[in-house]
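The notes below follow what I looked up, entry by entry.

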Amino acid sequence: MNAALTLRERSEAEASRLPPLLARAEQLAGTVLLGDHGRRRSGLGDDFWQYRPAQIGDSRRMIDHRRSARGDQQFVREREWQIAQSVMLWVDQGASMRFASDKNLSTKADRARLLGLATAILLVRGGERVGLTGTTLPPRRGNAQIIRLAEAWSEDAESDYAPPEHRAMIPHARAVFISDFLGPLDEVELALTKAADRGVRGLVLQVLDPGEETFPYRGRTIFESVGGSVRHETLKAGDLRERYLERLAKRKDALTRLCRATGWQLGLHHSDDSAQAALLWLYRALDGGTG
Amino acid sequence: MTVLAGIGFTAPWVLMGLLTLPILWLILRAVPPAPIRRLFPAVTLLLGLRDDESVSDRTPWWLLLLRMLVAAAIIIGLAGPVLNPSRDQAGSGPLLLVLDASWAGATRWSTTLDQIDVQLTEAGRAGRTVAILRLTEPEAPVFQAAEAWRGRLPGLTPTPWQPTRAQVDMALSAMEQVDGGFDTHWFSDRLTYEGHEAILSALRARGDVTVYQAPSPAVAILPATYQDGVIQLSAQRAEPGPADRITILAQGRDPAGAMRVLQSAEMEFASGETQAQVELSLPSELRARITRFEIQGERSAGAVTLTDDSLRRREVALIAGSLNREGLELLSPLHYLTQVLTPTADFVDGGLLEVLPANPDVIVLADVAKLAGFEQTALVEWVEQGGLLLRFAGPRMAASDLGRDTEDTLLPVRLRSGGRSVGGAMSWGEAKGLSPFPENSPFYGLQVPEDVTVTTQVMAQPDPNLADRVIASLSDGTPLVTRKALGLGQVVLFHVTADAEWSSLPLSGLFVEMLDRLAVSSAAKSRQESQLQGTTWEPIQVMDGFGVLSDAGNLPGVDGVELVTSQIGPDLRPGLYESGKQKLARNVLTDETVLSPAVWPSDVPIKGQEVSTETPIGGILLSLALLLLTIDVIASLALSGRLGLVRAAAVALGAILLVPEVQAQTPESTDFALSATQELVLAHVLTGDQQVDDIAAAGMRGLAQTLFFRTSVEPAEPIGVDLERDELAFFPLLYWPISPDQPQPSAEAYAKLNAYLRSGGMILFDTRDADVARFGAASPNGRKLQQIAAPLNIPSLEPVPRDHVLTRAFYLLQDFPGRYAGTEVWVEAAPMDAEQIEGMPFRNLNDNVTPVVIGGNDWGAAWAIDRNGQALLPVGRGYAGERQRELANRFGVNLVMHVLTGNYKSDQVHVPALLDRLGQ
């Protein structure tokens with residue numbers, strides 16, 4: 001009883017965090033007009049595709065009487081074949097994402113969740129099934145799934161760098177990974193190759209803070225990861241800049257190579273840029289793949 | 001004291017500390033700044049990156065230099081550096097410092113004190129005893145240690161007079177009491193005086209005399225005189241010198257009461273001349289405000305001259321009972337008064353109510369019996385604030401019942417009915433002469449001519465206080481002039497006419513002198529000795545040696561003749577004196593004064609007054625160190641990237657400093673002003689009756705809606721105005737529904753309302769009773785309106801004429817119905833001379849907006865709508881009622897348009913269009 005109560009209490013508190021994220025995600029998704037998403041061939045679907053003369057074998061129910069009453073011939077109304085894809089999302093919940101170099105900027109985690117949820121909303125509206133990688137939330141359709149996603153993303157992970165979840169991937173589905181990819185790269189490599197093995201293709205969106213791109217620090221400094229697990233002390237931060245940027249470029253290169261090898265698409269987003277641009281890229285990239 | 005490179009050090013060994021600076025440099029150089037902790041997710045990419053140098057990021061050289069400077073400044077500052085260390089001078093034995101200490105040295109008094117201080121220091125170092133002798137306040141010299149005198153230096157001040165003969169004698173006798181010889185240092189003001197030589201020879205008999213004198217001679221200003229419409233100013237300098245230019249400042253109180261320079265004039269001393277003149281021509285208003293002239297840059301009593309009544313031309317308003325007999329100037333009751341006053345006073349023309357705001361000094365009412373109620377009130381107020389009301393009797397006053405039963409506020413005595421006449425053809429007795437003036441009379445001392453006779457007069461009732469109020473009487477004891485004080489001012493009644501009909505007094509010279517004594521007129525000639533005979537003057541403010549006025553305290557009064565003729569001294573200080581209502585200024589210099597320079601024998605050494613004082617600069621250096629430390633803190637923070645913290649602290653500090661200022665404003669009144677002024681706002685007066693107020697508010701909302709939809713006037717939500725609390729100036733129109741039980745506004749509220757009406761506001765009074773009583777007292781609302789409007793300044797009214805601008809300000813209207821229809825609406829009456837021009841549909845009427853519109857049609861109820869825009873109350877019946885509501889709305893639109901655009905639609909430009917629309 002007590003446990004249930006506290007759970008209820010906690011989930012209420014958690015739920016109170018949801019609406020703003022949901023609302024913002026809805027608002028962001030609302031800025032993208034849904035394009036055509038059909039398969040350009042007749043099949044099961046809602047949209048009109050063509051009228052064709054009734055043939056033997058068509059059941060009487062299939063005859064479109066409105067069209068047939070204009071003449072002597074009987075017509076059948078065909079609809080465009082629309083197929084639902086399964087899209088699996090993974091948004092990095094690690095502590096490293098909860099960072100913003102300026103108090104006016106949103107944290108990387110916030111931005112990543114916003115983009116993930118907005119993408120999910122768009123996909124659900126387009127009739128696709130959306131879920132999380134792993135076994136926690138398999139792809140489903142409908143608005144209830146959005147709320148479940150939002151719930152799942154309202155919890156922070158403890159560890160500094162969360163490895164991509166790559167279990168229980170549905171073969172030939174699509175996937176979206178959003179993270180800063182600053183953690184160990186071999187985990188990412190493992191996830192992507194495993195996905196490629198199963199024929200899963202998708203998108204990798206790297207979200208970085210402008211502070212991580214420019215390294216505007218000087219003087220004697222102790223750098224700490226957000227979780228506090230890693231630290232590095234330097235006497236002259238300004239001198240490290242060149243070498244740091246070099247390493248960052250290398251990291252990006254490695255990601256690009258990995259993506260090229262596995263057939264995934266790689267995007268880069270900075271948390272001081274407009275979220276809409278990133279959402280558009282995500283949507284077009286997904287749409288291009290499905291269409 | 002050790003002197004290094006012109007700078008002395010009191011503790012030179014502290015300078016050894018400078019040797020530690022290089023060590024400090026090495027230590028500071030070795031210590032790197034403290035690290036700063038930062039969160040950084042990409043720290044994984046940093047792992048393994050090594051710093052190039054093991055002791056890198058060291059303190060930059062300029063920061064080190066800054067810190068070295070701080071250390072050096074502290075060390076040198078503690079070593080007690082002194083600029084201009086004085087070199088010792090020879091001398092021994094007692095030293096007498098003789099000071100003139102007159103006004104002539106006041107400007108450079110601080111230099112003199114500095115020099116005396118230096119002398120005392122030197123004397124103290126040489127172990128000499130010192131005495132100080134001020135010739136303007138001589139005391140027996142007491143030789144004491146120099147340090148004992150030092151504490152008394154600030155108490156030495158210059159006096160506003162030169163040493164007088166008596167003081168010189170006292171000084172001489174004081175010196176005789178001193179045994180033995182002494183050296184003298186004489187601080188001279190460069191002016192000579194009686195007994196100068198005697199003192200010099202007495203001093204030289206006792207020892208060496210050295211004279212210190214100021215580098216420039218004294219400059220003084222003579223009393224200002226007023227002649228031929230200009231102020232004559234002249235200045236004098238003691239010694240002829242090269243051409244020089246000085247500026248004279250005329251100071252006085254501005255209308256706000258603050259002292260300020262009202263005018264300045266340049267004055268030039270020609271080369272070799274000691275006199276300079278300038279003439280100042282000023283308007284009389286400005287002239288009357290001047291209280292003193294002074295020479296710019298001089299700080300002495302001689303450079304200041306105070307002004308008194310002699311500069312001031314009094315402003316007199318003459319008002320007679322009737323002045324409509326044109327052409328009979330010689331018969332005007334004011335003729336003799338005008339003749340007397342023209343040379344010495346300025347006249348203020350106009351009716352009583354027009355001249356009162358000009359605040360004249362004197363108002364003369366010649367044979368005025370009856371004053372309107374508000375005129376009386378205003379006049380009483382003016383007298384109580386210090387005005388002089390001078391009244392003359394006459395046939396009208398004798399015939400009226402003025403002051404018959406009770407004493408009139410504006411009459412000194414009660415009057416008997418009718419008056420009396422003596423010495424005429426139809427009466428017994430002879431014309432009466434005047435008896436000599438009693439001692440308590442302001443006329444005391446004036447010679448009574450034999451030929452002044454009185455034939456007719458008004459008689460005072462013998463009340464208990466009559467005797468105190470009589471200031472002149474006839475030979476048989478009947479009062480001729482009576483006076484009473486009223487507030488700060490006074491009321492004087494001449495029981496005869498101002499012309500020669502009742503007496504020959506206005507024809508005599510005595511009349512002029514009497515007016516003069518009453519301070520009706522005032523002129524320089526009243527300062528003559530004969531005029532001052534027998535008067536005593538009480539000092540109000542006296543000047544010190546620097547020319548600063550201060551309260552006279554309990555200084556004794558001075559005889560009038562002495563005040564003008566005596567020499568300035570401890571018994572007669574320069575300043576402002578008062579006798580009765582007259583004021584007289586006694587200045588340091590009089591017209592006869594001639595300044596003559598002090599002459600010294602050739603074997604007396606004369607020194608200038610250059611002082612080089614020792615200046616300890618340790619404090620400056622320590623402050624500099626603190627300042628540098630502050631810079632060091634900011635620079636260190638900037639280096640380690642923590643300057644943001646400082647910025648935040650500065651912002652917080654600024655916020656703390658600024659917040660009280662913000663709170664000092666009263667937010668409530670500001671909010672009200674903001675809400676009332678951001679948009680046009682219609683307002684209604686809160687009556688206290690909830691129902692009436694609600695309907696008024698709804699009515700204003702309805703009118704605002706109508707205006708919003710139909711015109712470019714877009715009012716905001718209406719405001720209910722509390723007359724006692726709220727400022728009215730923001731509203732163009734006030735709707736005032738009358739309810740019988742609303743409270744009477746307070747006096748302050750009425751003042752606000754009157755100011756509001758004067759400045760172009762409009763009040764729409766609505767009795768809401770369909771005007772059944774036609775504004776009589778028959779309806780409770782009508783009665784209330786009368787009560788409320790009585791204290792308001794409302795002009796004469798008339799029912800809206802057919803060509804009033806209200807009938808065409810926006811809509812063309814014939815009548816102005818509200819919830820009731822067809823009763824008259826009253827507005828400000830058209831001027832009498834408005835005439836209709838042939839062919840024009842309307843007259844040229846008032847230029848202004850009518851301040852009030854009064855009616856009883858209950859417009860508010862007709863305009864009223866609820867929040868949904870539905871009419872709140874029914875009007876009339878059926879469709880005809882809606883038509884009436886529409887007309888009521890149109891009236892509202894016209895009214896607001898009239899308020900906002902004034903008589904714009906009265907302009908003849910609109911005639912053709914209006915004629916077209918009227919179908920004529």
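**Entry 1**

I began with an open sheet of three strands, ordered E8(A)-E7(A)-E3(B), in which the pairing is mixed. From one strand to the next the twist averages 20 degrees. I note that this is a predicted model, in which local features need pLDDT of at least 70 and side-chain atom pairs count only at pLDDT 80 or more, while totals for chains, interfaces and linings use all residues. Residues are numbered from 1 along each chain as its sequence is written, and chains are lettered from A and ligands numbered from 1 in the order in which they are written.

For my own use: helices (H or I, at least four residues) and strands (E, at least two) are DSSP runs numbered from the N terminus. Two strands pair if DSSP finds at least two bridges between them.

I then took the pairings in turn. E7(A) and E8(A) are antiparallel, with four bridges, and A:Glu224 has A:Arg231 as its bridge partner in E8(A). Strand E7 (residues 221–224) of chain A runs parallel to E3(B), also with four bridges. There I found A:Ile222 bridged to B:Arg37.

**Entry 2. Contact between the chains**

How many residues of chain B are in contact with chain A? I read 23 residues of chain B against 30 residues of chain A, where contact is C-beta atoms, placed from the backbone, within 7 Å. On the chain B side, strand E3 (36–39) and helix H2 (43–46) each supply at least two residues. That side has 14 nonpolar, four polar and five charged residues. In this classing Ala, Val, Leu, Ile, Met, Phe, Trp, Tyr, Cys and Pro are nonpolar, Asp, Glu, Lys and Arg are charged, and the others, Gly among them, are polar.

**Entry 3. Five-stranded sheet of chain A**

I moved to an open sheet of five strands in chain A, in the order E4-E3-E5-E6-E9, with parallel pairing. Strand E4 (129–132) and strand E9 (265–270) are the edges, each pairing on one side only. Strand E5 (residues 174–179) and strand E6 (residues 201–208) are joined by six bridges; in E6(A), A:Val204 is the bridge partner of A:Phe177.

Helix H7 (residues 237–262) lies across E6 and E9 of chain A, at about 150 degrees to E9(A). Such angles run from 0 to 180 degrees between N-to-C directions, with axes fitted to C-alpha atoms, for helices over the stretch in contact.

**Entry 4. Two helices of chain A**

I checked helix H3 (residues 108–125) and helix H4 (residues 143–153), whose axes come within 10 Å and cross at roughly 170 degrees. H3(A) is therefore roughly antiparallel to H4(A), the term for angles over 145 degrees. The residues making the contact include A:Leu117 and A:Ile121 of H3(A) and A:Ile146 and A:Trp153 of H4(A). By class I have eight nonpolar, three polar and one charged.

**Entry 5. One residue in chain B**

Is B:Ala698 buried or exposed? B:Ala698 is buried, because 22 other C-beta atoms lie within 10 Å; the cut-offs are 20 or more for buried, 12 or fewer for exposed and partly exposed in between, with C-beta atoms placed from the backbone. B:Ala698 belongs to helix H20 (residues 690–710). Leaving aside neighbours within four places in sequence, I find B:Ala698 in contact with B:Ala864, B:Ile865, B:Asp866 and B:Leu872.

Terms used:
Contact = placed C-beta atoms within 7 Å. Parallel < 35°, antiparallel > 145°, perpendicular 65-115°, else oblique.
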